[in-house]
Amino acid sequence: MKKLVSTLNLDYEEWLSYRKQSIGGSDCATIIGLNKYKSPYSLWAEKKGFFDTSQKDTEIMRQGRDFEEYVAQRFCEATGKKVRKRNYIFLHNDYDFISANIDREIVGENAGLECKTTSLINKTDFENGEIPDYYYCQCMHYMAVMGYDKMYVAVLVLSKEFYWFEIRRDDKEIEALINMETEWWNRYILGNETPEIDGTDSTLNTIKYINKDISTEIK
């Protein structure tokens with residue numbers, strides 16, 4: 001992987017501006033249709049600069065950032081492993097439009113850690129080893145960029161429980177994911193095509209914003 005920019009002194013607005021320049025870990029699930037909160041059309045609008053991503057920060061996102069250190073500490077307590085920060089946005093060696101901004105790296109292993117915070121509303125059966133598809137997709141994306149052999153996911157379910165999972169590298173799935181991301185980038189960001197206008201709230205709100213046809217803040 002290659003280093004794009006240090007995140008040590010990067011404020012949130014600057015971080016968002018760099019996100020527009022590539023496909024990050026939180027984008028890949030949207031591209032392959034696994035994100036129920038954001039449509040490919042909305043992602044396209046963000047990357048093209050038609051949609052102001054600075055208005056997308058929510059309380060859930062804020063809590064996720066604020067709880068990241070706590071979740072990492074809980075993971076270390078549960079596993080006995082040590083972690084460290086890698087304060088950079090990284091780029092894939094072969095594709096400069098595919099990036100990674102990992103939460104932590106595992107000391108002594110070729111592996112990373114993704115820290116998640118969720119609520120009881122999330123119906124995922126973490127207790128029996130289930131994780132959301134978009135967690136899995138994000139981990140494969142990070143392994144593709146960073147060259148990791150595996151990723152760990154640590155999940156804090158607020159007011160309930162803490163869980164952690166290990167996801168091993170699958171080169172066939174990584175290849176398929178990179179191919180889909182490459183096609184999407186070439187068609188919609190470098191090319192002149194526009195993703196399908198579907199019936200999701202995400203797409204509708206994006207269209208309204210682009211056309212300045214709203215009087216209230218987009219949630």
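Modeller: Leaving out residues up to four places away in sequence, Cys139 touches Met151, Val153 and Ile167, where contact means heavy atoms within 4.5 Å. This is a predicted model, in which local features need pLDDT of at least 70, side-chain atom pairs count only at pLDDT 80 or more, and totals for chains, interfaces and linings use all residues. Residues are numbered from 1 along each chain as its sequence is written, and side-chain values use heavy atoms, with hydrogens and water left out.

Biologist: Is Cys139 buried or exposed?

Modeller: Cys139 is buried, its relative accessible area being 0%. Buried means under 20% relative accessible area, exposed over 50%, and partly exposed in between, with a 1.4 Å probe and protein chains only.

Biologist: Which helix is Cys139 in?

Modeller: Cys139 lies in helix H6. Helices (H or I, at least four residues) and strands (E, at least two) are DSSP runs, numbered from the N terminus.

Biologist: How many residues of H6 are buried?

Modeller: H6 is mostly covered, with 11 of its 14 residues buried; among them are Tyr135, Gln138, His141 and Val145. Just after H6, Gly147 has a positive phi of about 75 degrees.

Biologist: What angle do H6 and H7 make?

Modeller: The axes of H6 and helix H7 (residues 171-190) cross at roughly 90 degrees and come within 10 Å. Axes are lines fitted to C-alpha atoms, for helices over the stretch in contact, and angles run from 0 to 180 degrees between N-to-C directions. H6 and H7 are therefore roughly perpendicular, a term for angles of 65 to 115 degrees.

Biologist: Which residues make that contact?

Modeller: From H6 they are Tyr136, Cys137, Met140, His141, Met143 and Ala144, and from H7 Glu173, Ile174, Leu177, Ile178 and Glu181. By class, the contact of H6 with H7 has eight nonpolar, one polar and two charged residues. Ala, Val, Leu, Ile, Met, Phe, Trp, Tyr, Cys and Pro count as nonpolar, Asp, Glu, Lys and Arg as charged, and the others, Gly among them, as polar.

Biologist: Now the sheet: what is the strand order?

Modeller: The order is S1-S3-S4 in an open sheet of three strands with antiparallel pairing. Strand S1 (2-6) and strand S4 (99-100) stand at the edges with a single partner strand each, so one side of each has no neighbour in the sheet. Two strands pair if DSSP finds at least two bridges between them.

Biologist: Which residue is the bridge partner of Leu91?

Modeller: The partner of Leu91 is Ser99 in S4.

Notes: Parallel < 35°, antiparallel > 145°, perpendicular 65-115°, else oblique.
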